[in-house]
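Please look through the sequence and the model below before reading on.

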Amino acid sequence: MSDICVLGAGAWGLALALELNKNGNNVTVWTKLESEAEMLLNDRENKISLPGIKIPENIEITTSIEDAAKDKAIIVMAVASKFIRSTSAAIKGSIKPKQIIVNVAKGISLLNCVSRLSRIITFSPFSSTAIVTTILANPFNSSFQFVISSVLTPISAKGCLKKCL
């Protein structure tokens with residue numbers, strides 16, 4: 001069982017948080033939006049992104065990115081691609097050596113130049129101390145298959161998946 005932080009409370013982030021929680025992990029979900037956090041805490045559901053899907057009480061919800069990432073073995077970045085850069089900057093002071101950063105955001109960055117999101121994270125301030133990997137996943141597939149798109153530091157894909165699940 002791992003302590004995992006999911007950055008992003010949209011459909012993608014919550015679907016991953018639910019699957020990680022179902023697999024026995026301690027999960028904290030971060031959202032930047034106070035209104036979204038209130039909805040998730042009060043209704044235990046994202047009525048906009050995942051209507052009808054209940055969020056278990058043992059999944060923590062927070063708007064503090066520092067609290068979300070503190071002492072977590074794994075940080076899953078599930079924010080929209082246009083927010084990868086700002087989220088990376090916001091979390092930089094909270095990352096400790098050996099934390100695993102898993103990027104599941106979809107898309108590319110068009111700001112200043114076309115760039116893969118994994119490249120933005122790799123060049124972020126915490127990349128020298130954290131283990132950064134990018135994976136694509138389909139949480140609605142019953143076998144929860146992972147496709148490793150890039151592993152950016154010396155960690156085996158198999159080892160990362162074992163830690164993630």
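A residue is called buried when its relative accessible area is under 20%, exposed when it is over 50%, and partly exposed in between (1.4 Å probe, protein chains only). By this rule Asp-71 counts as exposed, at 64% relative accessibility. The model is predicted, so local features need pLDDT of at least 70 and side-chain atom pairs count only at pLDDT 80 or more, while totals for chains, interfaces and linings use all residues. Residues are numbered from 1 along each chain as its sequence is written, and side-chain values use heavy atoms, leaving out hydrogens and water.

Confidence comes next. The predictor gives each residue a confidence, pLDDT, from 0 to 100. For the chain the mean pLDDT is 74, and 64% of its residues reach 70 or more. Helices (H or I, at least four residues) and strands (E, at least two) are DSSP runs, numbered from the N terminus. Confidence in the chain is highest in β3, at 98, and lowest in strand β9 (residues 146-151), at a mean of 33. Over residues 137-165 pLDDT stays under 50, and for these residues the model has 58 contacts beyond four places in sequence; a contact means heavy atoms within 4.5 Å. Where pLDDT is low, the predicted coordinates should not be read in detail.

Now to the interior. A nonpolar core is a set of buried Ala, Val, Leu, Ile, Met, Phe, Trp, Tyr and Cys residues joined through side-chain atoms within 4.5 Å. The largest one has 23 residues, of which Val-6, Leu-14, Val-27, Val-29, Ile-59, Val-76 and Val-104 touch the most other members. Two or more residues of this core come from each of β1 (3-7), α1, β2 (26-30), α2, β4 and β5 (100-103). The largest share, six residues, is given by α1. What does Val-76 touch, leaving aside its neighbours within four places in sequence? Val-76 is in contact with Ile-4, Cys-5, Val-6, Leu-7, Leu-16, Leu-20, Val-102 and Val-104. There is also a second, separate core of 14 residues, which includes Trp-30, Ala-68, Val-79 and Ile-91.

Helix α2 shows how burial can be arranged along a helix. Glu-36, Ala-37, Met-39 and Leu-40 are buried in α2. Seen down the axis of α2, its buried residues fall within an arc of 160 degrees, so they line one face of the helix; the arc is that of the directions from the helix axis to the C-beta atoms. These buried residues pack against α1 and β3. Ser-35 and Asn-42, on the other side of α2, are exposed.

Most residues other than glycine have a negative phi, and most peptide bonds are trans. Arg-44, which follows α2, has a positive phi, near 55 degrees. Arg-44 lies in the loop between α2 (34-43) and β3 (60-62) and is buried, with a relative accessible area of 9%. Asp-71 also has a positive phi, near 60 degrees. Asp-71 sits in the loop between α3 (65-69) and β4 (74-77) and, as stated above, is exposed.

Side chains of opposite charge can pair when their charged atoms come close. A salt bridge is a side-chain nitrogen of Lys or Arg within 4 Å of a carboxyl oxygen of Asp or Glu, and the structure holds four of them. One of these joins Lys-22 and Glu-19 (3.5 Å, N to O). Both residues lie in helix α1 (residues 11-22), three residues apart, about one turn of the helix. Lys-22 is exposed, at 62%, whereas Glu-19 is buried, at 13%. Another salt bridge links Glu-45 with Lys-54, whose closest N and O atoms are 3.1 Å apart. Glu-45 is buried, with a relative accessible area of 9%, and Lys-54 is exposed, at 53%. Asp-43 and Lys-47 also meet in a salt bridge (3.6 Å, N to O). Asp-43 is partly exposed, at 30%, and so is Lys-47, at 47%.

The last stop is Thr-62 in strand β3. Thr-62 is buried, with a relative accessible area of 17%. Its side chain reaches the backbone nitrogen of Ser-64 at 3.0 Å. Beyond its neighbours within four places in sequence, Thr-62 is in contact with Thr-28, Val-29, Trp-30, Thr-31, Asp-67 and Ala-68.

Note on methods:
A polar contact is a pair of N or O atoms within 3.5 Å; within protein, one must be able to donate a hydrogen and the other to accept it, and residues adjacent in sequence count only if both atoms are side-chain atoms.
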